[in-house]
Amino acid sequence: MKILVINAGSSSLKYQLIDMETESVMAKGLCERIGIGGHLKHTPLVGGKPVYNEDIELPTHAEAIAAVIDKLTSAEYGVVGSMKEIDAVGHRVVHGGEKFASSVLIDDAVMEAIAQCTPFAPLHNPANITGILACRKVMGDDVPMVAVFDTAFHQTMPKKAYMYALPYDYYKQDGIRRYGFHGTSHKYVSSRCAEIMGKPIEELKLVSCHLGNGSSICAVDGGKSVDTSMGFTPLAGLPMGTRSGDLDPGAMQFIMNKHHLAIDEMLNVLNKKSGVDGVSGVSSDFRDLDSAAGEGNDRAKLALDMFAYWVAKIAGSYVAAMNGVDAIIFTAGVGENSADTRKAICDYFGYLGVTVDPEANKKRGEDVMISTPDSKVKVYVIPTNEELVIARDTRDIVSGK
Ligand code: ADP
């Protein structure tokens, strides 16, 4: 079975074609500048075909999907003979609200329900819907399509964890609560961790740290998300590349009054100008922060110190929430690549009996245990693979599993 995985943004579209016999990627690529020009980079990974990397006109997502299908099936850059070889499509959808606790076969009712979740993710869900409609238009009604939600994995959180201490009607009438994001990533790395440990996931308490441009932590007890650091929106929790993470709403009121900011301007500051970028004044990229801190930049060092402190603080609170922990997992851009950040975080876990093996901590790009064999709590680096989760869910749903 071959599955096309689509992640549609407002002006971009990422894709992978995955062969489910081997779970290997046959081709991947990215359409950018949709609606404002257009660019397609297509990378075939089987058959020794060349990379296609050109500006092309992509007025809408439909032209983008058509261009992707054209490249996937072309003699020069293709990896399949025709569109008929693509058995199903898996779409990443950001917000499934309380309607979706798992992935689902897309039909008209599902499209309507995804649209109803748009107020919760006004930038993302419309782009995801556009991607699905574009795929339908180009590929026709016969190819089954599945929606995989970033929020679904967290629908197992108990009410005491997802409720905000606000007047109850805001939850009942408006759906204001913690939803959580990065669900496909937390699901993938936690199940992979159980595999590596050789234990049933039902018996494990795991803390999954997805640390990238956007970062979140998830408490996974018995394979289920029981708490997570992002909230009603992905702005909550840890300080991130450019997002503030948690802060006192009273500080917002003060800043807005003092600097005459409207709420949208304030949110722009919190989403785009805060986090390690805002604190350091250097960059949102941890590589830049590492080198600036190495050259003696105090604010870059402060930003890195704050980040490690917050990860340790939230992870520690999840150990308390689960009454224990068997393993801590690092994943995503920073979690997979920054040995210094992992070390700085793990230095806080002495009370858990965590000891890190400095040699193992240097490895990159593979599943690796970075704790020493005698460490009471194990620590793993597990490269995330959200596309594979989407493809597996899609396969299971279309084959009726
Ligand atoms: P996104 O949330 O956009 O998916 P990623 O998970 O790809 O982000 O993470 C991107 C971030 O990973 C970059 O901004 C950078 O800070 C960090 N990163 C990537 N490589 C390294 C590295 N070698 N060392 C430190 N940080 C890195």
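Guide: Residues are numbered from 1 along each chain as its sequence is written. In this predicted model, local features need pLDDT of at least 70, side-chain atom pairs count only at pLDDT 80 or more, and totals for chains, interfaces and linings use all residues.

Visitor: What makes Asn 213 one of the residues that surround the ligand?

Guide: A residue is near a molecule if one of its heavy atoms lies within 4 Å of it. The residues around the ligand include Gly 212, Asn 213, Asp 285, Phe 286, Gly 333 and Arg 364. A backbone N or O atom of Asn 213 lies 3.1 Å from a ligand oxygen.

Visitor: How much of the ligand does the protein cover?

Guide: On its own, the ligand has 580 Å² of accessible area, and the protein covers 70% of that. The area comes from the Shrake-Rupley method with a 1.4 Å probe.

Visitor: Which element gives the largest share of the shell around the ligand?

Guide: That is α12, with four residues. Helices here are DSSP runs (H or I, at least four residues), numbered from the N terminus.

Visitor: What makes the largest pocket a pocket?

Guide: On a 1 Å grid over the protein atoms alone, a pocket is an open set of points with protein on both sides within 12 Å along at least five of seven lines. The largest pocket holds about 1700 Å³ of space. A volume is the space filled by probe spheres set on the points. Lining residues have an atom within 4 Å of a point. The largest pocket has 48 of them, and Arg 92, Val 94, His 124, Pro 234 and Arg 243 lie nearest its centre.

Visitor: Why is the largest pocket said to lie between domain 1 and domain 2?

Guide: Domain 1 (2-149) and domain 2 (199-381) both give residues to its lining, so it lies between them. The domain bounds come from an automatic or database assignment.

Visitor: Which helix gives the most to the lining of the largest pocket?

Guide: α8 does, with six residues. In the second largest pocket, of about 360 Å³, α8 supplies the largest share, three residues.

Technical notes: Heavy atoms only, no water. Polar contact = N/O pair within 3.5 Å; in protein donor to acceptor, adjacent residues only side chain to side chain. Helix = DSSP H or I, 4+ residues; strand = E, 2+ residues; numbered from the N terminus. 1 Å grid on protein atoms, 1.4 Å probe; cavity = no way out; pocket = protein on both sides within 12 Å on 5 of 7 lines; lining within 4 Å.
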